[in-house]
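Thanks for coming, everyone. Let me put the sequence and the structure up on the screen, and then I'll talk you through a few spots.

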Amino acid sequence: MEIVDLIVGRLHETIRNGEIGLDYTFDCNREKNKSFDREYNLSISKKEEILLKLEREHYVKSEESMNKEHINDTVHIFKINEKFMPRYDELADYRLVCIYIKVTWPEGKEPMFIISFHEDEEI
């Protein structure tokens, strides 16, 4: 599990000291990412706050990327539970949401974390 500690440590360091768009970015192109952002209206700073909470126990698995733009990259998958208020429901209360976080660390390039942030689809 040493690789998990390395990933978490580098991710925390990058979020604290790095620059968005240069050292890390959020995948906002796919519908599940857009839908999640619309539903809960999370700011970048809130997403960063959640990423800084990630620890070894949130790690699920690592696998090859299925994204054609990131062939040969490894994707590291984490899940963490957070309470959020749905954006458009006036009568809503906070909801416990399992967030599925995929971190792609491109092979052979300067470290650049590409973070996919959405609700877990396997619940």
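**A walk through the model**

Let's start with Ala92, which counts as buried because its relative accessibility is 18%. For that word, buried means under 20% relative accessible area, exposed means over 50%, and partly exposed is in between, with a 1.4 Å probe and protein chains only.

Before I go on, a word on where this comes from. This is a predicted model, where local features need pLDDT of at least 70 and side-chain atom pairs count only at pLDDT 80 or more, while totals for chains, interfaces and linings use all residues. Residues are numbered from 1 along each chain as its sequence is written, and side-chain values use heavy atoms, with hydrogens and water left out.

Back to Ala92, then: you'll find it in the loop between S3 and strand S4 (95-105). Helices here are DSSP runs of H or I with at least four residues, strands are runs of E with at least two, and both are numbered from the N terminus. Setting aside residues up to four places away in sequence, Ala92 touches Met85 and Pro86; contact means heavy atoms within 4.5 Å. Glu39 sits 53 residues from Ala92 along the chain, and their C-alpha atoms are separated by 12 Å.

Okay, zooming out. How many helices and strands does the protein have? There are three helices and five strands, and along the sequence they run α-β-α-α-β-β-β-β. The radius of gyration is 14 Å, close to the 14 Å from the globule rule for 123 residues, so the protein is as compact as a globular protein of that length. That radius is taken over C-alpha atoms, and the rule is 2.2 Å times the number of residues to the power 0.38. The C-alpha trace spans about 50 × 30 × 30 Å along its principal axes.

Of the 123 residues, 42% are buried. If you take contacts between residues at least 6 apart in sequence, 55% join residues at least 24 apart.

Now strand S3, which is (74-84). Thr74 is in that strand, and it counts as partly exposed because its relative accessibility is 24%. Thr74 and Glu64 are ten residues apart along the chain, and 4.7 Å separates their C-alpha atoms.

Is His76 buried or exposed? It counts as buried, because its relative accessibility is 7%. The His76 side chain makes a polar contact of 2.7 Å with the side chain of Ser62. A polar contact is a pair of N or O atoms within 3.5 Å; within protein, one must be able to donate a hydrogen and the other to accept it, and residues adjacent in sequence count only if both atoms are side-chain atoms. Beyond its neighbours within four places in sequence, His76 has contacts that include Ile7, Lys61 and Val103.

Ile71 counts as exposed, because its relative accessibility is 57%.

Last stop, Asn41, in the loop between helix H2 (31-40) and helix H3 (44-51). Most residues other than glycine have a negative phi. Asn41 isn't a glycine, yet its phi is positive, about 50°. With 46% relative accessibility, Asn41 counts as partly exposed.
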